[in-house]
Amino acid sequence: MDSSISSEELQPHHSHEHEHDEEGNKMFGFIVFLLSESVIFLSFFAGYIIYKTSAVNWLPAGVSGLEIKEPSINTVVLVASSFVIFFAEKALERHDLKTYRLLLFLTMAMGGYFLFGQAVEWSQLEFGFTSGTFGGMFYLLTGFHGLHVFTGILLQLIVLLRSFIPGNFDNGHFGINATSLFWHFVDVIWIVLFLLIYVWQ
């Protein structure tokens with residue numbers, strides 16, 4: 001009896017391994033990208049701390065501190081959205097597209113709420129970008145982070161729309177996995193920003 005295995009029988013196994021390795025390489029590249037983004041934020045954080053600890057008059061004239069109530073609510077919403085997108089990932093793994101779409105849309109809405117809250121806060125502040133070192137650092141840090149939140153929402157919109165393409169996720173879930181990782185990164189960065197800017201006044 002011929003116990004040899006034909007090339008046709010081996011092909012599906014090799015194809016699966018190739019797809020797995022390719023997805024792993026993509027994720028590794030994305031993690032490297034996030035690490036490079038981390039270096040940028042860490043540089044901003046270091047600058048903020050150095051300026052704050054060495055400045056004689058840190059806050060702009062006439063400003064005694066920042067309102068913390070609304071930013072705290074925004075923080076809770078943004079951090080909670082990380083749990084929502086995590087469960088969206090799990091729903092996709094179960095091939096539950098209805099729940100996946102619902103949770104992903106909810107994550108986008110929570111991110112949008114955060115950006116709206118930040119815009120309202122900016123409109124009510126008594127200082128601007130040119131109001132001393134604090135003013136410049138405040139708008140630079142919160143604005144740069146807000147840009148990342150907006151980017152994360154766009155990525156979520158893309159992977160949400162892809163779910164309506166038949167068979168789009170048959171070859172892996174790199175899109176939603178990378179998007180979710182990016183969103184967690186954005187949330188962690190905001191927690192550090194919140195502690196630096198709003199709590200440590």
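Me: Which residues do ring pairs link into a cluster?
Reply: Tyr48, Trp58, Phe114, Trp122, Phe127, Phe134, Phe138, Tyr139, Trp190, Phe194 and Tyr198 are linked in this way. Rings of Phe, Tyr and Trp (its six-membered ring) pair if their centres lie within 6.5 Å; planes under 30 degrees apart count as stacked, over 60 as edge-to-face and the rest as tilted. By this rule there are 19 aromatic pairs. A word on the background: this is a predicted model, where local features need pLDDT of at least 70 and side-chain atom pairs count only at pLDDT 80 or more, while totals for chains, interfaces and linings use all residues. Residues are numbered from 1 along each chain as its sequence is written, and side-chain values use heavy atoms, with hydrogens and water left out.

Me: What makes Phe41 and Phe45 an aromatic pair that is tilted?
Reply: Their centres are 6.2 Å apart, with 40° between the planes.

Me: Why are Phe41 and Phe45 separated by about one helical turn?
Reply: Because they sit four residues apart in helix H1 (residues 7–54). Helices here are DSSP runs (H or I, at least four residues), just as strands are (E, at least two), numbered from the N terminus.

Me: How do you know that Phe41 counts as buried?
Reply: Its relative accessibility is 1%, and buried means under 20% relative accessible area, with exposed over 50% and partly exposed in between (1.4 Å probe, protein chains only). Phe45, at 7%, is buried too.

Me: What makes the pair of Phe41 and Phe144 tilted?
Reply: The ring centres are 5.0 Å apart and the planes stand at 40°, so this pair is tilted. Phe41 lies in helix H1 and Phe144 in helix H4 (residues 132–162), so the pair ties together parts that are 103 residues apart in sequence.

Me: Why is Thr75 called buried?
Reply: Its relative accessible area is 11%, which is under the 20% limit, so the word applies. Thr75 belongs to helix H2.

Me: Which residues is Thr75 in contact with, leaving aside its neighbours within four places in sequence?
Reply: They are Trp190 and Phe194, where contact means heavy atoms within 4.5 Å. Trp190 and Phe194 also belong to the ring cluster.
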